[in-house]
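This report describes one structure, beginning with the contact between its chains and ending with its ligand site and local backbone geometry.

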Amino acid sequence: MKIQTETAERHVLTLTVDNEAGTLARIAGMFTARGYNIDSLTVADITEDHSVSRITIVTKGPPEVIDQIIAQCERLIPVHKVTDLTDAGPHVERELALVKVNGTGDKRVEAMRLADIYRARVIDATVSSFIFEITGGPDKIDTFIALMRELGLVEVGRTGIVGLMRGSENS
Amino acid sequence: MAEKSGADILIEALLAQGVDTVFGYPGGAVLPIYDALFQHPKIRHVLVRHEAGAAHAAEGYARSTGKPGVVLVTSGPGATNAVTGIADAFMDSIPLVVLTGQVATNLIGSDAFQEADTVGITRHCTKHNYLVKDPSELGGVIAEAFHIATQGRPGPVVVDIPKNVQVATADYDRHTGNAAKRYVPAGDADFALITQAVELLAKAKSPILYTGGGIINSGPDASAALRELAALTGAPVTSTLMGLGAFPASDPAWLGMLGMHGTYEANLAMNQCDVMLCLGARFDDRVTGRLDAFSPGSIKVHVDIDRSSINKTIRVDLPIVADVGKAIRQMITVWNSRKLQPQNLDEWWARIKGWRSVDSLSYPDSKAEIMPQYAIERLYELTKDRSPIITTEVGQHQMWAAQHFHFDAPNKWLTSGGLGTMGYGLPAAIGAQMGDMDALVIDIAGEASIQMNIQEMGTASQYRLPVKVFIINNEWMGMVRQWQQLTYESRYSNSYSDSLPDFVALAEAYGWKGIRCSDPAKLDDAIAEMLSFDGPVMFDCRVSKEANCFPMIPSGAAHTEMILNSEEVSGTMDDEAKALV
Ligand SMILES: Cc1ncc(C[n+]2csc(CCOP(=O)(O)OP(=O)(O)O)c2C)c(N)n1
Ligand SMILES: [Mg+2]
């Protein structure tokens, strides 16, 4: 007998939650306990009094599983609202990455030129290295990192994405 | 306003919730609370013998009274010992508030003596949990804990209280106790959905009501409403293990329990119905059998207060998120206001009659030895007039009790369904007896399970609780042996109950009465002797050792593939089926 796995689609969920001890552990742990995927997760408080946080989770699963994930999130007491941005329609997704590249000569010049094209900013420089800061959708960042791999990539830090619905509506 | 200690605030907050009974066990990290209890005689504290017993007793109390059960245990081992009961309550949706002591806030994280990360350990087996870091939060937390535990789909809530928070002082006014109403569960159902559901029922030619523990959790009126709905629609009624008693077993529309050890008629009717109305049940794997063969031709309506229960395993056509009792009342209103009449269901009932004639609960009779099913039948016949509360352990005896003991009222059947926890029955019986000192409370036990919380005999003795423990003693972990016989060609690996205690002598050692019986001809008298004894009794009922529990849907099989008796048993199973369990 072999263990079977199902095909999955990517969904971006945003959760408005009470900013209190244990909320993140509750959500992340629920994903693990029920065998759901987390591709990325970001969290920060978003109100003046720091009482509410927004969490953006990128997950994968067949439609029934995504539906269950949303229902299971909603079941947690500190979770007020869950929005499936992928289902809700047009939305924006942004991520920030820091990309360190070592190199001299042609490679260094080429890294700078590509950074310019991708609107990455240099936030640290030595004679033999750069740190670029780049924001954008995950695809753009993936491509930029792939290019830098050829030009002396040393290390990468990524925030994971945050997302909002387009237009005037609240997500 | 005078400041009060955290411990005093806790006690007052409990009193404000109407708590009069707490099941607990003391220790270093809860001594301030125990001292406050000492000064507040209004709260009865039931001293158990092991914290698992406290949690199960609170479950039994909650399930039989409809009130939340309250547990008080110390930090570290006190809390971890209670975890099985907490997880059990989570699976079976039982309202508990579990108060755990914790090391002082300045010691948390330092591996202090008797420190355990209680909120971490219980995070995924509670509906919610708290670590209270300031006594000023306690009043609000306790109020919210009771709200969360009891409203919506009930469940356990853990409140972890560090020792210094119990000692430190703060203001408390029970009226301003901030029960932040951030948790607002579903109530009434959407009227349009109810109308659709009623129209489906009125058009159905072969409807069925598939009911579960949600009806019992919704309260006695939900059971009353279910009876009315069944009468109006003329539909047959089946139930999960957890829902037994919500619909009277004496009603002609009752099909018996469904699922793995359910009746032939219940499972076939589920398979063949055209409209299935699922009321407060959750399509558990023990109920559905093989998913792709589950009731293939039916339109399915599912009413549940927990949205995550809907479409979890079975896709339904009409989901209704609501309190099931309210939803049934709404259905009745719509049915009546439209003066609906059911279709002619004669043909459907004729088919059901055919399935009933299979008599799937029959078993081979014996004059020489007590058949376990017979023991439960006799226990039922001799006690039914007293409307007893029955608890069980886990195993064959539990399923036989579900099959052969019959319930006409809710809150009389207390069993560990979701988690299947051996050792549940005796403490649950103690909790139920605390809830009603006049009730006849019987734990139908197995000789293996009873040993898992047998220390609670001392609790029953101490509080003069006349609980009866009726052990179906087959000298086997019968359910394990049965599976080994069916699946592993009778290789009985470690399932024999060796070195059993002398249960009669044990009973006497605890100040109980002990009775033993192995002769079917003497069984009635022995049961009568148990019932007439005004105090706790342990009844060692020696039954036929190799009896198996049928009917049975083997794991991974469809409802139509029931095994009715042992002649049909093959003794092997393929790997896919073995993995399902
Ligand atoms: C705490 C716990 N451990 C193990 C099991 C697995 N298990 C299920 S039934 C059973 C045997 C129960 O034997 P007994 O109490 O004698 O009941 P019988 O089946 O013989 O009626 C076991 C070991 C369980 N349900 N719970
Ligand atoms: Mg046994």
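Arg75(A) and Asp306(B) form a salt bridge, with 3.0 Å between the closest N and O atoms. The term salt bridge is used for a side-chain nitrogen of Lys or Arg within 4 Å of a carboxyl oxygen of Asp or Glu. The model is predicted: local features need pLDDT of at least 70, side-chain atom pairs count only at pLDDT 80 or more, totals for chains, interfaces and linings use all residues, and side-chain values use heavy atoms, with hydrogens and water left out. Residues are numbered from 1 along each chain as its sequence is written, while chains are lettered from A and ligands numbered from 1 in the order in which they are written.

**Interface of chain A and chain B**

A second salt bridge joins Glu74(A) to Arg307(B), the closest N and O atoms being 3.4 Å apart. This pair crosses between chains, from helix α2 of chain A to the loop between β13 (299-304) and β14 (318-321) of chain B. Helices (H or I, at least four residues) and strands (E, at least two) are DSSP runs, numbered from the N terminus. Side chains of opposite charge can pair when their charged atoms come close.

The rule also finds six residue pairs in polar contact across the interface, both residues at pLDDT 80 or more. A polar contact is a pair of N or O atoms within 3.5 Å; within protein, one must be able to donate a hydrogen and the other to accept it, and residues adjacent in sequence count only if both atoms are side-chain atoms. On the side of chain A that touches chain B, α1 (23-33) and α2 (63-75) each supply at least two residues. Helix α2(A) gives the most to that side, with eight residues.

Chain A contributes 19 residues to the contact and chain B 20 residues, where contact means heavy atoms within 4.5 Å. Between them the two chains bury about 1,700 Å², 50% of it on carbon and sulfur atoms. Met1(A), Arg26(A) and Ile77(A) supply 40% of the area that chain A buries against chain B, more than any other three residues. Buried area is the accessible area (1.4 Å probe) that two parts lose on being put together, summed over both.

**Ligand 1**

Gln396(B), Gly420(B), Ser449(B), Trp476(B) and Gly478(B) come nearest among the 17 residues around ligand 1; a residue is near if one of its heavy atoms lies within 4 Å.

| Residue | Protein atom | Distance to ligand oxygen |
|---|---|---|
| Ser449(B) | polar side-chain atom | 2.6 Å |
| Gly478(B) | backbone N or O atom | 2.7 Å |
| Ala448(B) | polar backbone atom | 3.1 Å |

The protein covers 77% of the 590 Å² of accessible area that ligand 1 has on its own, by the Shrake-Rupley method with a 1.4 Å probe. In chain B, α16 (396-404) and α19 (478-487) each supply at least two residues of the shell, and α19(B) gives the most, with three residues.

**Backbone geometry**

The peptide bond from Phe550(B) to Pro551(B) is cis, with omega near -5 degrees. Pro551(B) is placed in the loop between β20 (537-542) and α22 (575-580) of chain B. Phe283(B), a residue other than glycine, has a positive phi near 50 degrees. The loop that holds Phe283(B) runs between β12 (275-279) and α12 (285-288) of chain B.
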